[in-house]
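Notebook open, model loaded. I'm jotting down what I looked up, one entry at a time.

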Amino acid sequence: MNFHAVKAIYVFEMARWWRTIYQSIVSPVLTTSLYFVVFGSAIGSRIAEVDGVGYGAFIVPGLIMLSLLTQSISYASFAIYFPKFTGTIYELLSSPVSYFEILLGYVGASATKSILIAVIILCTARLFVDFEIAHPFWMAFYLVLTAITFSMMGFIIGIWADNFEKLQVIPLLIVTPLVFLGGTFYSVSMLPPFWQKITLFNPVLYLVNGFRWSFYEVSDVSITTSTIMILSFLAACIGIVFWIFKTGYKLKT
Amino acid sequence: MSDLINIQNLSKVYSNGFKALDDVSLNIKKGEILALLGPNGAGKTTLISAICGLVNPTGGKVSVAGYDIIKDYRKTRELIGLVPQELTNNQFDTVLSTVNFTRGMFGKSKNAALIEELLKDLTLWEKRNSLLMHLSGGMKRRVLIAKALAHEPEILFLDEPTAGVDVELRQDMWRLIHKLRERGVTIILTTHYIEEAEEMADRVGVIANGKLLLVEEKSVLMGRLGKKALTMDLVTPLESIPESLKSYDLELSNDGNTLKYSYDNQGESTGITALVQALSEVNVRFSDLHTEQSSLEEIFIDLLNVPNDSNHMVEQKQ
């Protein structure tokens with residue numbers, strides 16, 4: 001195991017994040033604060049409790065998931081796409097590192113960054129609404145596993161993309177709508193029966209609900225299904241990454 | 001010298017059908033400087049890329065220090081430093097951090113003293129905290145070399161190291177290469193500057209259309225393939241070449257003052273003695289004479305201009 005290489009990639013990625021600290025931290029904190037002001041206070045004050053939880057508190061897990069998913073994908077996809085774009089990828093490919101070590105460095109850094117953002121948002125949310133975390137272990141479990149899984153998804157997108165447009169297309173056109181329609185701001189039970197059934201096909205629903213359950217013990221789907229879904233996501237990402245590394249897809253000619 | 005790199009029947013066909021390497025076999029000796037010459041698109045970079053792990057070979061086998069480059073990639077890559085042709089740098093990084101990053105990637109712990117010496121050798125020390133985006137092209141090239149040497153490799157691949165650099169940097173680089181060779185580093189460089197190969201290489205390989213046309217000791221190559229010319233300054237100008245000398249490959253200058261005799265120095269006889277005798281018989285006297293040898297560039301152009309059956313003409317000597 002080439003620990004020095006994993007550390008080099010990890011430290012490099014964290015340093016890059018640190019260089020743009022205002023953009024990295026201030027931006028998501030500001031965006032989340034705006035969500036709380038608009039949805040939590042302004043609109044939320046006119047919405048009754050959802051499943052016995054005040055609306056302001058109800059949206060906290062969903063908002064954290066929203067940031068966690070989008071930031072994990074964004075960090076990891078950019079991290080691996082940028083060396084491809086600048087040509088410095090040659091260094092990764094000619095170094096005595098295994099693909100697993102490369103993955104560990106990039107996904108580890110990306111997951112760390114998005115978890116830090118999630119924790120910051122959690123702390124920011126506490127300034128606006130009062131909430132308790134019923135199952136801290138499960139909360140951490142969902143947080144870490146989702147960060148890792150979606151960082152891997154970002155890594156796959158970064159390898160697949162050969163221009164900046166492709167880099168943005170999946171996060172913007174697929175992931176963001178799925179997150180918004182996955183029960184971030186509402187309970188599925190608030191939808192008409194037909195749309196409730198459609199929503200069950202949205203994989204993000206299970207992540208948001210699993211995470212929300214760890215806070216308030218309320219969920220639209222069973223916790224077992226949520227856990228199986230996140231583990232299935234992870235397994236699918238591992239499978240794709242393994243195939244990419246085995247074939248050298250978009251990495252080696 | 002023992003072989004450090006062994007390349008057997010290496011071939012590479014890209015997905016678009018382009019055959020970049022065609023059954024290339026080559027042994028590279030420990031401690032030597034090998035120059036791979038060839039026109040653009042000849043396959044030089046593909047050959048280097050395949051050895052370094054950037055390109056998946058279609059066929060053949062490569063071993064470095066006895067280790068297979070695919071099966072034992074960790075062992076082989078630890079031995080290799082690569083300076084790519086393009087100025088590929090992370091523009092937002094500093095010189096020092098990018099060099100330390102590379103050392104880390106090769107599994108080595110930090111060594112501040114070594115990196116300081118390396119950066120000083122490459123006159124980069126003063127710029128160690130500068131962002132790469134603020135460096136000139138020449139400086140960026142030096143950074144790439146520093147990165148390639150940061151893990152103390154035994155083999156250094158330089159892909160067109162002096163393409164587009166000024167004379168000063170080119171000479172600095174030549175000095176550095178000689179210094180590395182003294183330390184026992186094996187150096188493989190690709191170039192289309194003949195001057196560079198002539199200046200530095202122990203052996204020269206010529207590659208064109210993915211085929212290795214020849215690999216030869218530079219001095220032997222120049223001696224074996226080089227044509228020589230004997231130029232004689234005549235005491236009395238001639239109006240034309242005398243009839244009895246027509247069988248010789250002679251060329252008279254326009255003013256009739258010099259006579260140039262071209263000969264192959266690898267032939268059984270150069271014919272010089274007979275020519276001098278024949279000149280004496282027709283009373284042609286000369287006041288001075290000197291010989292010229294064709295440069296590597298002329299040999300290179302000759303090789304590339306001869307159709308593919310030249311492969312048979314030129315024996316691969318490895």
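**Sheet.** I started with chain B, where four strands make an open, antiparallel sheet in the order β2-β1-β4-β5. Strands here are DSSP E runs of at least two residues, helices are H or I runs of at least four, and both are numbered from the N terminus. Two strands pair if DSSP finds at least two bridges between them. β2 (19–29) and β5 (67–68) of chain B sit at the edges with a single partner strand each, so one side of each has no neighbour in the sheet.

**Ground rules.** This is a predicted model, so I note that local features need pLDDT of at least 70 and side-chain atom pairs count only at pLDDT 80 or more, while totals for chains, interfaces and linings use all residues. Residues are numbered from 1 along each chain as its sequence is written, and chains are lettered from A and ligands numbered from 1 in the order in which they are written.

**Strand pair.** I checked β1 (residues 3–13) of chain B: seven bridges join it to β2(B), and the two run antiparallel. Asp3(B) faces Lys29(B) in β2(B).

**Domains.** Chain B splits into domain 1 (3–79 + 154–223) and domain 2 (227–293), with bounds from an automatic or database domain assignment. Their C-alpha centres lie 41 Å apart.
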